[in-house]
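Please read the numbered points with the sequence and the model in view.

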Amino acid sequence: QYFDSVLPKYSKPGILCSDLTMLIIKLKALGIKNIWNFRYLNQPEEESFVQSLEVLYSLKAIDDNAELTRDIGIKLVELPVDPKFGAAILNSNKEEYKCTEEI
């Protein structure tokens, strides 16, 4: 009874409290240009979209037009890891880093 009075009857949908970077990059790869108007079961908050787009832009996975970049963005779609880790893996072989073995 105590839990019934303290806890909410339903939990928040996962998409409302999740990092959207992986979702956004997958939708972009599928050719969905306007991710905001995509029909989600539960519309994520605008702030979550903005934060995720900022992360993807800082990783150079998307360009100024929020399109996937050739060198990082398109390759990240194929990697089964979080985009932050994927970008680290892809960048590790660049001339200025050359640390792929360590990763």
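**Notes on the predicted model**

1. Lysine 98 lies in the segment after helix H5 (83–91); helices (H or I, at least four residues) and strands (E, at least two) are DSSP runs, numbered from the N terminus. Its relative accessibility is 47%, so lysine 98 counts as partly exposed; buried means under 20% relative accessible area, exposed over 50%, and partly exposed in between (1.4 Å probe, protein chains only). Lysine 98 has a positive phi of about 45° although it is not a glycine. Most residues other than glycine have a negative phi.

2. The model is a predicted one, in which local features need pLDDT of at least 70 and side-chain atom pairs count only at pLDDT 80 or more, while totals for chains, interfaces and linings use all residues. Residues are numbered from 1 along each chain as its sequence is written, and side-chain values use heavy atoms, with hydrogens and water left out.

3. The protein chain contains five helices and zero strands, in the order α-α-α-α-α along the sequence. Its radius of gyration is 17 Å, whereas a compact globule of 103 residues would have one near 13 Å; the radius is taken over C-alpha atoms, and the globule rule is 2.2 Å times the number of residues to the power 0.38. The C-alpha trace spans about 60 × 35 × 20 Å along its principal axes. Of the 103 residues, 26% count as buried.

4. Which residues of the largest nonpolar core touch the most other members? They are Ile24, Ile25, Ile35, Phe49, Leu56 and Ala61, in a core of 14 residues. Such a core is a set of buried Ala, Val, Leu, Ile, Met, Phe, Trp, Tyr and Cys residues joined through side-chain atoms within 4.5 Å. H2, H3 and helix H4 (73–78) each give two or more residues to this core, and the largest share, three residues, comes from H2.

5. Beyond its neighbours within four places in sequence, alanine 61 is in contact (heavy atoms within 4.5 Å) with residues including Ile25, Leu56, Leu68, Ile72 and Leu76.

6. Lysine 60 is located in the loop between H3 and H4. Lysine 60 is not a glycine, yet its phi is positive, at about 65°. With 54% relative accessibility, this lysine 60 counts as exposed.

7. Asparagine 42 sits in the loop between helix H2 (21–29) and helix H3 (46–58). It is partly exposed, with a relative accessible area of 33%. Asparagine 42 and proline 13 are 29 residues apart in sequence and 7.3 Å apart in space, C-alpha to C-alpha.
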